[in-house]
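Hi,

Here is the structure I promised to pass along.

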Amino acid sequence: MNIVIFGPQGSGKGTQADKLSEKFNLSHIETGQIFRDIAREDSLLGAKIKDLNEHKEMIPDQITIEVLRHYLELVSKDKGVILDSAPRTVGQIEPVEELMSLEGRAIDKAIYIRLPYEESVARITKRYMCMLCFRHFVIGKHIQLASEDCPTCGGPIMQRGDDTPDGIAKRLKTFYEVTVPVIEKYREKGILIEVDGNQGVEEVFADIINQI
Ligand SMILES: [Zn+2]
């Protein structure tokens with residue numbers, strides 16, 4: 001089975017993608033995390049991604065497709081994949097599906113985790129990251145105060161650079177304007193599963209499983 005999963009920031013789609021990967025033996029390909037990793041590399045592509053991130057610009061479709069091609073080729077043929085946040089634009093739908101079919105894959109299900117705008121903002125502002133090991137933490141869940149050190153390595157923690165009010169607003173705007181039309185395409189194809197993200201992790205997961 002091959003799945004694409006969508007949701008605004010804070011919807012918990014990464015967590016659900018992990019749970020689905022485990023249940024259905026899928027390889028979780030998260031383009032956002034891949035680009036954050038590449039941005040830290042000392043390479044031409046790394047410098048370009050870092051520059052785009054700093055200016056809060058979207059990664060061009062062509063780069064996304066090339067990076068995705070690389071990661072898809074690494075997945076063994078007997079495993080399905082779950083693509084997290086790709087295709088992200090209507091323009092990426094065809095190239096992503098072409099890449100998949102080159103690997104003998106078709107998208108079976110598209111999952112959309114809905115979350116009210118204000119709830120996205122409230123959840124994102126609680127997210128922190130360790131500056132040494134780059135692990136992510138949520139205030140009130142993994143740590144109690146933003147002044148604590150990383151529970152894993154003791155390093156200093158801070159909000160992710162793009163989790164400022166401006167960054168959050170811009171990314172949510174991009175999601176609703178650029179990615180929601182992609183989700184509508186999957187609705188037209190008849191493979192969309194929609195769930196309410198404004199409930200607990202296990203409830204959201206149960207809703208998804210029921211609809212798969
Ligand atoms: Zn750490």
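Predicted model: local features only at pLDDT ≥ 70, side-chain atom pairs only at ≥ 80, totals over all residues.

**The whole chain**

The protein chain has 8 helices and 8 strands. Its radius of gyration is 17 Å, close to the 17 Å that the globule rule gives for 212 residues, so the chain is as compact as a globular protein of that length. If you want dimensions for a figure, the C-alpha trace spans about 45 × 40 × 35 Å along its principal axes. Of the 212 residues, 26% count as buried. As for contacts, take those with a separation of 6 or more: 69% of them come from residues 24 or more positions apart.

**The α4/α5 pair**

Next, have a look at helix α4 (residues 61-74) and helix α5 (residues 90-102). Their axes come within 10 Å and cross at roughly 20°. Angles under 35 degrees count as roughly parallel, so α4 is roughly parallel to α5. The crossing of α4 past α5 is right-handed.

Which residues make the contact? On the α4 side they are D61, T64, I65, L68, R69 and L72, while α5 brings in G91, Q92, P95, V96 and L99. Sorted by type, the residues of this α4 and α5 contact come out as 6 nonpolar, 3 polar and 2 charged.

Start with G12, which sits in the loop between β1 (3-6) and α1 (13-24). Is G12 buried or exposed? There are 20 other C-beta atoms within 10 Å of G12, so it is buried, given that the cut-off for buried is 20 or more. Leaving aside residues up to four places away in sequence, G12 touches I113, G197, V201 and V204. By contrast, 21 Å separates the C-alpha atoms of G12 and L145, which are 133 residues apart along the chain.

Then go to I212, in the segment after α8 (201-211). I212 has 14 other C-beta atoms within 10 Å and is therefore partly exposed, since that class lies between the exposed limit of 12 or fewer and the buried limit of 20 or more. Again not counting residues up to four places away in sequence, I212 touches K109 and I193.

Cheers

Technical notes. Residues numbered from 1 in each chain as written. Axes fitted to C-alpha atoms, helices over the stretch in contact; angles between N-to-C directions. Helix = DSSP H or I, 4+ residues; strand = E, 2+ residues; numbered from the N terminus. Parallel < 35°, antiparallel > 145°, perpendicular 65-115°, else oblique. Left-handed = near helix turned anticlockwise from the far one by under 90°. Contact = placed C-beta atoms within 7 Å. Nonpolar A, V, L, I, M, F, W, Y, C, P; charged D, E, K, R; others polar. Rg over C-alpha atoms; globule rule 2.2 N^0.38 Å.
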